[in-house]
Amino acid sequence: SSSSSSENDNDILSPLREAAHHLRTTDIPVAFPTETVYGLGADATRSAAVKGIYAAKGRPSDNPLIVHVCDLSMLRSLISSPSSSSSSSGQNQEEEKDPIPEIYHPLITRFWPGPLTILLPNPSPSLLAPEVTAGLPTFGCRMPASALARSLIKLANAPLAAPSANASTKPSPTAAQHVLDDLAGRIELILDGGSCSVGVESTVVDGLCSPPVVLRPGGVSLEEIRSVPGWEGVEKAYKDQAEVGSKTAPRAPGMKYKHYSPKARVVLYEVEGGRGEVPGADVREAVEAVGKKEVKSVAVIRTGRWPVAGGLRSQGLDGAAAAKDSGDMAEIGFVVREGQWLDEDDTTVLARLLEIDLGDDVKRVAHGLFAALRELDRRGADVIFVEGVSDGDDIAAAVMNRLRKAASDIRI
Ligand code: TXA
Ligand code: MG
């Protein structure tokens with residue numbers, strides 16, 4: 001009957017309704033899934049609610065937040081100043097102009113909903129709480145591909161300001177469990193939508209300047225943006241450590257970048273012209289170079305070229321057995337292998353060995369990267385050797401950007 005089907009609808013929608021209600025009536029943010037990473041959302045029009053985000057994350061409030069909308073009319077309501085819309089009904093016979101800047105139209109058509117954030121002028125007065133923009137004249141906005149995210153925004157009937165739902169400095173969360181690990185006790189509600197399909201954050205672009213620029217590489221690649229009319233000349237306006245630091249000397253250990261960082265020390269091996277050495281023979285050296293007296297657990301993240309266990313002697317690297325205890329990681333799509341690193345005579349255990357193979361498909365690497373870093377932390381890795389990917393104009397740029405920020409040591 002029709003009444004039972006509407007009860008079913010209620011069952012499916014009730015967590016969403018509860019989350020929307022929470023967003024409207026409290027100042028405690030709600031964590032929700034998007035196709036990139038989990039966001040920590042609050043009504044972007046209410047200052048008290050937006051302040052709740054900074055409090056829960058422990059994030060400095062000078063870092064602006066991305067505003068998430070469910071449709072274009074919600075976006076237009078944020079950028080059309082009240083005065084201009086009233087004058088258009090009067091003597092001005094001109095066709096009503098779309099308040100969304102022309103340059104963004106082809107990008108929006110092609111990539112929204114999806115992992116792309118655009119910068120827009122913030123009108124004065126603005127509907128957005130000042131805490132969203134951190135004093136900037138612009139705000140970042142995106143329409144997420146996740147239907148769950150868009151439904152939540154629609155039900156809350158408000159644009160949602162949302163940074164990634166990790167504790168400040170930690171890798172971004174790509175599963176509900178990651179949010180719980182970081183923010184338990186600080187928030188009251190997490191909408192669980194499973195693992196995030198993209199796994200790295202949105203690409204942030206600024207089309208208000210000429211030439212337009214990419215401020216952060218992400219889920220939409222440079223290659224894809226460049227193929228859109230008006231964006232052929234787009235430039236990179238972000239700096240990677242590979243470009244900042246010396247090309248010849250490894251970056252000094254101890255220069256810790258507080259970003260995307262697990263507790264373990266991350267050593268990243270760049271891939272340049274097919275180089276990128278396997279930390280096999282030189283692993284002892286590498287372990288010494290990270291400056292820890294005692295390394296009890298060594299972890300390796302492979303992305304396609306390093307041989308299994310990077311040439312380390314190992315035992316118990318049984319995928320099936322490891323898969324058994326990797327639990328919710330099955331959804332992210334990798335297994336954690338555990339073994340032992342033995343000395344040359346196969347007698348002494350030098351360290352415990354953990355290994356994750358993310359495979360050579362860069363989209364899969366992006367999908368599993370943050371989860372892999374978190375999982376190795378959870379298992380007590382002291383140092384994580386990561387095999388870099390070729391930094392092209394595809395999603396690899398986003399992967400390498402995050403890894404360079406997470407790494408305390410980069411080897412070229
Ligand atoms: O995929 C994503 O973008 C995720 C999900 C939750 O949507 N969100 C996210 O937010 O990554 P967050 O706060 O961790 O990163 C926001 C990025 C920062 O790099 C920030 O500096 C930039 O966007 N941003 C936001 N508003 C800006 C503005 N007005 N001007 C320049 N950069 C801005
Ligand atoms: Mg973030």
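This is a predicted model: local features need pLDDT of at least 70, side-chain atom pairs count only at pLDDT 80 or more; totals for chains, interfaces and linings use all residues.
User: In which loop is Asn-157 found, and what is its phi?

Analyst: As background, most residues other than glycine have a negative phi, and most peptide bonds are trans. Asn-157 sits in the loop that connects α7 with β6. Its phi is positive, at about 55 degrees, although the residue is not a glycine.

User: Is Asn-157 buried or exposed?

Analyst: Asn-157 counts as exposed because it has 12 C-beta neighbours inside 10 Å. A second case is Thr-169, with a positive phi near 85 degrees, in the loop between β6 and α8 (176-183). Thr-169 has 16 C-beta neighbours inside 10 Å, and therefore counts as partly exposed.

User: How is a sheet to be read, and what is the strand order in the open sheet of 9 strands?

Analyst: Strands of a sheet pair through backbone hydrogen bonds, either parallel or antiparallel. The order here is β1-β2-β6-β3-β5-β4-β7-β8-β9, and the pairing is mixed. At the edges stand β1 (30-32) and β9 (235-236), each pairing on one side only. Strands β4 and β7 (residues 203-206) run parallel and are joined by 3 bridges, with Thr-117 opposite Val-204 in β7. Helix α7 (residues 147-156) packs on this sheet, touching β1, β2, β3 (66-68) and β6.

User: What is the order in the open sheet of 6 strands?

Analyst: The strands follow the order β12-β13-β11-β14-β10-β15, again with mixed pairing. Its edge strands are β12 (336-342) and β15 (409-411). Between β11 (residues 297-302) and β13 (residues 349-357) the pairing is parallel, with 6 bridges, whereas β12 and β13 are antiparallel over 7 bridges. Helix α14 lies across β11, β12, β13 and β14 (383-387), at about 155 degrees to β13.

User: Which residues have the most contacts inside the largest nonpolar core?

Analyst: In soluble globular proteins, nonpolar side chains tend to be buried together. The largest such core in this model has 107 residues, and Ala-31, Ala-161, Ala-299, Ile-384 and Val-399 have the most contacts inside it. Helix α14 (residues 362-378) contributes the most, with 9 residues. Among the residues that Val-399 touches are Val-362, Val-365, Ala-366 and Leu-369.

User: Finally, which residues come nearest to ligand 1?

Analyst: A shell may be read by residue, by element and by class. Of the 24 residues around ligand 1, the nearest are Thr-36, Gly-39, Gly-140, Pro-163 and Ser-202. Two or more residues come from each of β4 (116-121), β5 (138-142) and β8 (213-216), and β5 gives the most, with 3 residues. By class, the shell has 12 nonpolar, 10 polar and 2 charged residues.

Methods. Residues are numbered from 1 along each chain as its sequence is written. Chains are lettered from A and ligands numbered from 1 in the order in which they are written. A residue is near a molecule or strand if its C-beta atom, placed from the backbone, lies within 6 Å of it. Helices (H or I, at least four residues) and strands (E, at least two) are DSSP runs, numbered from the N terminus. Ala, Val, Leu, Ile, Met, Phe, Trp, Tyr, Cys and Pro count as nonpolar, Asp, Glu, Lys and Arg as charged, and the others, Gly among them, as polar. A nonpolar core is a set of buried Ala, Val, Leu, Ile, Met, Phe, Trp, Tyr and Cys residues joined through C-beta atoms within 7 Å. A residue is buried if 20 or more other C-beta atoms lie within 10 Å of its own, exposed if 12 or fewer, and partly exposed in between; C-beta atoms are placed from the backbone. Two residues are in contact if their C-beta atoms, placed from the backbone, lie within 7 Å. Two strands pair if DSSP finds at least two bridges between them. Axes are lines fitted to C-alpha atoms, for helices over the stretch in contact, and angles run from 0 to 180 degrees between N-to-C directions. Lists of a residue's contacts leave out its neighbours within four places in sequence.
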